[in-house]
Amino acid sequence: MTAPHKNLFFLNNGGEMGEIMRQKDWSISPVGHPATWPSSLKTTLSFMLNSKFPMFLFWGADHICFYNDAYRPSLGKEGKHPELLGQKAEIYWAEIWDIISPEIFSVLNGGPSTWHENQLVPFYRNGQMEDIYWTYSYSPVTNELGQVEGVFTTCTETTSSVLNLAKIEASKDELEFAVDAADLGTWDFNPITNTFKGNNRLKDWFGLPLNYEIFLEDATAAIVASDRKRVRQQIEISLGDYESGGKYDVTYVIKNKLTERERIVRAIGRAWFNEDKVAYRFNGILQDITQREKASIELKASEERFRKLVKTAPIGIAVLDGDDDYVIKMANDMALSIWQRTYKEAVGKPLFEVLKEIKDNILPIFEAVKTTKKAQFGTEYPFTLERDGVAQIEYFNFIFQPLIKDDEVVELILVAYEVSDMVKARFELQESQKQFKNFVEQSPIAMSIVRGDNLNIEMANNALLETFWRKKKDEVIGKDLLDIFPDLEGSKYPETLKEIIRTGIGVSENESYVILESDDGVKEFYSDYDYQPLYGLDGLVSGVMVTGSDVTDRVLARKKLEQFSNDLEQQVEERTNALNIANRQLQQSLIHLQKTNEELEAFAYVSSHDLQEPLRKIQMFTNRLLERDSDKLSAKGVQDVSKILVSAKRMRALIEDLLEYSRSNDSDVNFKPTDLKELLLQVIENLNSKIEATNTLITYDDLCTATVIPFQIKQVFQNLIENSIKFAQKNLRPTVDIITEKVTGEASGIQTLLDHQTYYKISFTDNGIGFEPEHSDQIFELFKRLHGKFEYQGTGIGLAIVKKICKNHKGAIIATSEPLKGAKFSLFLPVD
């Protein structure tokens, strides 16, 4: 920060903006030092800074921005102030430059001054884009030679006035539209003259001529016979019972006597009584609710279909109470089948009384759901179930979903699908493959496996390596056959193997004459070989199983070895067939699993959507009820409805805090050197009303300048100060003392900090209620609260956000405290 400029008299008495201009380092600004500014600029700024009317100035070819204290509130609390001062307008007003630049250029080029009233000019402030209405003018600022050097703006924000006027107009239109556009019929009956008036819509519904005088009998004649007596009785009660207040609300069916069309209508009205308690007027409205009633019937049918879908779904579904007994509230047919229990044996009883054997496995998962308030998933998870009187391990894919109300888990939704057959089949296949590999390795028959068009050697047993190839295992495994034996190039053997991979047709040959060259010389022998295709999980041939036998002695003594050769071929064929069967079983199991998972995902989506729909309707219709009928509800009724809305608001606050928490790990935001004291002063200004209301005393030193993400550090400061105010001791003035010092990571004692790195240690010490020392780590956990939600308001996310932001900055935060002795939060930020 530079020293204040002296002899800048035109900046005197300029309020906050005058002080900021005097203290600003203008050496890096396009306009240069204030002492060099032209007199027209100085005069304009002197006039602006001492005016109580909002004013703004675009100066020079770079459109440098100046503004006064009266304009400052229009920038919001978290916007462009004070960085905007002295900056180019094209950069800092980028979001509206295409709107305002044409007028600025016009005035700078000698055009006329402009005027706009209630003009929409949205721009970024308070952390978001806002729609803002202005009444403003642009006029030129000229020098002694009459040249235009800047554009002077006077402006007033009229957003509130415009929005209020729009609401008034909307209310007027809604009132005029209510009767006609809402498709309502109106009626007015005179009990004394027995005359009945209705608007054209009502006459059209009843099938009466528009110019026809209506009598009560004409109107009731259109009511279907099954409803007519009930409606007449209600009319008599409303007209004759003064104590009832004349209220009239009845639903019935009418039939147009001309078109035969039937409508379901709701009549709402009242009778008016004179001083003799005699009804002299009876009027109201008639609403066609045919579609709504049909929709209600369809909704009930849809709900019934959904219940049937859940009941007959091919996956197990159950709903449990969220208390420690986990009482079964619902279980579909598949769940009961998995449990081997009837409906009466399971529903309405604690889960662990129905299935004692699963408690040890499943209880920790339930506790995790209730603690984290998040769904828990499992794939091929083993559970011990008693089936047919025998305890055995079965495998399941599952989702345990919490249903949360008022930040508490009130129910658990269990969705599970048994995959025991698939898992056991895979185990058997793996065991079969293991046995097969052992068989190949230990077999006295020369055996190998080659894969792909390049005939890559995947396996070769000792019998093959020692008897035929005369190679070591590490010399051949993973290499191509022709790279090991280039002399085979052009012979029938490589082409035979490639043809098997292409066609899937195995080849066998007896007493084949083979010549192999090796380091030990040339070997000539007779061999029986068998080449059989190997299939992958996709059903395609991926390799060849090669088996060979040196039958040189057999050729010389054929009869002696003939039986042995036949037995060997049969054994190899049986093992190969067993492997093929196992491969096909695995393929079928995987296809079945994929189909099952797709069905499970589709069902989970439908369940999630339909379970959320009732909550949205509760919120919508609760608001409608309170807005429309609050004067008709009892005080207790209004209180209950308000509690519903408060709960919805609490849920919204939780969602917003969660969103803020998720955003707090944004490390892509640019870091920049920042005066932390300036950030602290902005936070104190934002919290001014809360600080004054609680008479809180905040003391602080000069803090420091650190490379940080400014808005995240402001959030840390605000959360810590608000935390101290919230947990103040009763009858004791809250105090917050903020002290800054430098420490090394090693001296801090915090393992996550680098030992030789220097950190700013910024400590926030208060005199609040404090907490037990053992809770110093828990308070930074997400949703962790040391007090009841009604004793101290909040979502339990604030300190978790603080910790996450510190982690983003390669720093840390710790807390120390004792009950009734205040708390100390120490924030560590790297110096470099």
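Student: Arg502, is that buried or exposed?
Tutor: Arg502 is exposed, at a relative accessible area of 52%. Bear in mind that this is a predicted model.

Student: What does the side chain of Arg502 meet?
Tutor: The side chain of Glu499, in a salt bridge of 2.7 Å, N to O. Arg502 and Glu499 both sit in helix H18, residues 492–503, and being three residues apart they are separated by about one helical turn.

Student: And how accessible is Glu499?
Tutor: Glu499 is partly exposed, with a relative accessible area of 38%.

Student: How many salt bridges does the structure hold?
Tutor: There are 17 salt bridges in the structure. One of them joins the side chains of Asp288 and Arg263, at 2.7 Å from N to O. That pair links distant parts of the chain: Asp288 is in strand S13 (residues 279–288), Arg263 is in strand S12 (residues 262–273), and they are 25 residues apart.

Student: Why does Arg263 count as buried?
Tutor: Because its relative accessibility is 12%, and buried means under 20%.

Student: Which side chain does Glu411 meet?
Tutor: Glu411 meets the side chain of Lys329 in a salt bridge, 2.4 Å from N to O. Glu411 belongs to strand S18 and Lys329 to strand S15, so this pair ties together parts that are 82 residues apart in sequence.

Student: How accessible are those two? Start with Glu411.
Tutor: Glu411 is buried, with a relative accessible area of 16%. Lys329 is partly exposed, at 41%.

Student: Which residues are linked with Lys329 in a network?
Tutor: Asp321 and Glu411: together with Lys329 they are linked in a network of salt bridges.

Student: OK, the sheet with S15 and S18 in it. What is the strand order?
Tutor: The order is S15-S14-S18-S17-S16, five strands in an open sheet with antiparallel pairing. Strand S15 (328–331) and strand S16 (376–387) are at the edges, and each has a single partner strand, so one side of each is left without a neighbour in the sheet. On average, neighbouring strands of this sheet are turned by 30 degrees against each other, direction ignored.

Student: Over how many bridges do S14 and S15 pair?
Tutor: Three, in the antiparallel sense; strand S14 covers residues 316–321. Val319 has Met330 in S15 as its bridge partner.

Student: Which strands does H13 lie across?
Tutor: Helix H13 (residues 359–372) lies across S14, S16, strand S17 (390–405) and strand S18 (408–418). Its direction is at about 145 degrees to S16.

Student: Switching to aromatics. What kind of pair do Tyr381 and Phe398 form? And how many pairs does a search of the whole structure find?
Tutor: The search finds 30 aromatic pairs. Tyr381 and Phe398 form an edge-to-face pair, 5.5 Å centre to centre with 85 degrees between the planes. Tyr381 lies in strand S16 and Phe398 in strand S17, so the pair ties together parts that are 17 residues apart in sequence.

Student: Is Phe398 buried or exposed?
Tutor: Phe398 counts as buried at 5% relative accessibility. Tyr381, at 27%, counts as partly exposed.

Student: Which residues form the aromatic cluster?
Tutor: Phe56, Phe58, Tyr67, Tyr71, Trp93, Trp134, Tyr136 and Tyr138 form one aromatic cluster. Tyr136 and Tyr138 are each buried.

Student: Last one, the whole protein. How many helices and strands?
Tutor: The secondary structure comes to 26 helices and 30 strands. The protein has 832 residues, of which 41% count as buried. Among contacts with a separation of 6 or more, 53% are between residues 24 or more positions apart.

Terms used. Residues numbered from 1 in each chain as written. Predicted model: local features only at pLDDT ≥ 70, side-chain atom pairs only at ≥ 80, totals over all residues. Heavy atoms only, no water. Pairing = 2+ DSSP bridges. Helix = DSSP H or I, 4+ residues; strand = E, 2+ residues; numbered from the N terminus. Axes fitted to C-alpha atoms, helices over the stretch in contact; angles between N-to-C directions. Contact = heavy atoms within 4.5 Å. Salt bridge = Lys/Arg side-chain N within 4 Å of Asp/Glu carboxyl O. Buried < 20%, exposed > 50% of the residue type's maximum accessible area, 1.4 Å probe, protein only. Phe/Tyr/Trp six-rings, centres within 6.5 Å; stacked < 30°, edge-to-face > 60°.
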